Amino acid sequence: MSTPSLAALPIRRLTLRDLTACADLSEDRGWPREEHKWGFLLTAGKGWGIDDPDGGLVSACVVTEYGPLERPALAAIGMVLVAGRHARQGIGRRLMRHVISAMGTTPLTLHATPYGRPLYEELGFKVTGRAEMVRGRFTPGGAEPEVATRAATAEDLSAILRLDEQVFGTDRTHIVTRLPAFADQLRVAEEGGRIVGYAAAWPNMETHVVGPLIARDTAVAQALIASLAAHTDRPLRTDIDVRHEELLAWVKERGLAPVAFNSVMTYGITELPGEWTRRFAPVTVAAG
């Protein structure tokens, strides 16, 4: 029996049952397995993939939609992977074209590595920003910001959701309400009894990833990072919009070293909605 060509293999929706296959695909490409993150993305978003007739997945990606269910205002594409044995055969391009078509008129965004950027440019995505990944053990030092922070409670949720929608530019209730279970820490910054920022730290292999990081200004962002660091013994990792130069300099002074840059790209819009001045880091680059 002949093996079907890669171009003939159907593209299907992935579910949580595919989590192990997705993690295997990550590992195949030299990425961490990141099962915790895959589980979050497959339940909060829509997975797409191509089955390998020999077992496992040929390719996979995840799309996270934001805004009204019937007419999303934005969708983020992430975790675009092709098995090493099938690389450079047009599989990633085919999967991306399928996703773009399936999303119709919904504006799209993604974080592209230097390796992936040429493909996305070919498909019509434009570079609209950059993010820098930093990682390391946070070491307190110097004058720390005097902003009150504390662990978030259930009573804070409505205020966090309001703030998040203002800053992100559209509703992402289905992401924010999953944070208490997904993250090891969810903390808020307060001033005069009003929440002026919030951040989470979620486990990813041996690190804690700081994201999302929403804050009124740099001082609030610094206070939230410092408070998250004070409650973990793991190294921190986060992806900061490069326009936040002051925050990037501050975390580097405190032990977080540069790891990589990603290009923030969009399709169907010229810039992301919301207020970048208060949006310091995403939940994860895979979800925008």
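Biologist: Exposed means over 50% relative accessible area, and buried means under 20%. With that in mind, which residues of α9 are exposed?

Modeller: Glu 245, Glu 246 and Glu 253. Keep in mind that this is a predicted model.

Biologist: Noted! And which residues of helix α9 are buried?

Modeller: In α9, which covers residues 245–253, the buried ones are Leu 247, Leu 248, Trp 250 and Val 251. These four span an arc of only 160° around the axis, so they sit on the same side of α9. The three exposed glutamates are on the other side.

Biologist: Which strands does it pair with, then?

Modeller: β6 pairs with β11 in the antiparallel sense, over six bridges. There, Asp 241 of β11 has Ala 131 opposite. β10 pairs with β11 too, in the parallel sense and over two bridges, with Val 209 standing opposite Arg 237.

Biologist: Let's follow β10. What does it do with β9?

Modeller: β10 (residues 207–215) and β9 run antiparallel, with seven bridges between them. Gly 197, for instance, has Ala 215 of β10 as its bridge partner. The two strands form a hairpin with two residues between them, and Met 205 in the turn has a positive phi of about 55°.

Biologist: And what about β8 and β9, parallel or antiparallel?

Modeller: Antiparallel, with seven bridges joining β8 (residues 185–191) to β9. Arg 187 is paired with Ala 199 of β9. This is a hairpin as well, with two residues between the strands, and Gly 192 takes a positive phi near 60° there.

Biologist: How buried is β9 itself?

Modeller: 10 of its 11 residues (194–204) are buried, so β9 is largely enclosed by the rest of the structure.

Biologist: Switching to the core. Which residues touch the most other members of the largest one?

Modeller: Trp 38, Leu 41, Leu 42, Tyr 66, Leu 179 and Tyr 198, out of 38 residues in that nonpolar core. Helix α2 (residues 35–44) gives the largest share, five residues. There is another core apart from it, with 25 residues, including Leu 6, Val 58, Cys 61 and Leu 123.

Biologist: Which residues of α2 are buried?

Modeller: Lys 37, Trp 38, Gly 39, Phe 40, Leu 41, Leu 42 and Ala 44. That makes seven of the 10, so α2 is largely enclosed by the rest of the structure.

Biologist: What does Trp 38 touch?

Modeller: Leaving out residues up to four places away in sequence, its contacts are Leu 19, Cys 22, Ala 23, Ser 26, Arg 33, Ala 60, Val 62, Met 79 and Leu 81.

Biologist: One loop residue I was curious about: where is Thr 106?

Modeller: Thr 106 is in the loop between α3 (91–102) and β5 (108–112). Its relative accessibility is 10%, under the 20% cut-off, so Thr 106 counts as buried. Not counting residues up to four places away in sequence, Thr 106 touches Pro 72, Leu 74 and Ala 75.

Biologist: Last one, the overall picture. How many helices and strands are there?

Modeller: Nine helices and 13 strands. The radius of gyration is 19 Å, which agrees with the value near 19 Å for a compact globule of 288 residues. The C-alpha trace spans about 70 × 35 × 35 Å along the principal axes. Buried residues make up 52% of the 288. Among contacts with a separation of 6 or more, 72% come from residues 24 or more positions apart.

Key
Residues numbered from 1 in each chain as written. Predicted model: local features only at pLDDT ≥ 70, side-chain atom pairs only at ≥ 80, totals over all residues. Heavy atoms only, no water. Core = buried A, V, L, I, M, F, W, Y, C linked by side-chain atoms within 4.5 Å. Buried < 20%, exposed > 50% of the residue type's maximum accessible area, 1.4 Å probe, protein only. Contact = heavy atoms within 4.5 Å. Pairing = 2+ DSSP bridges. Rg over C-alpha atoms; globule rule 2.2 N^0.38 Å. Arc of directions from axis to C-beta.
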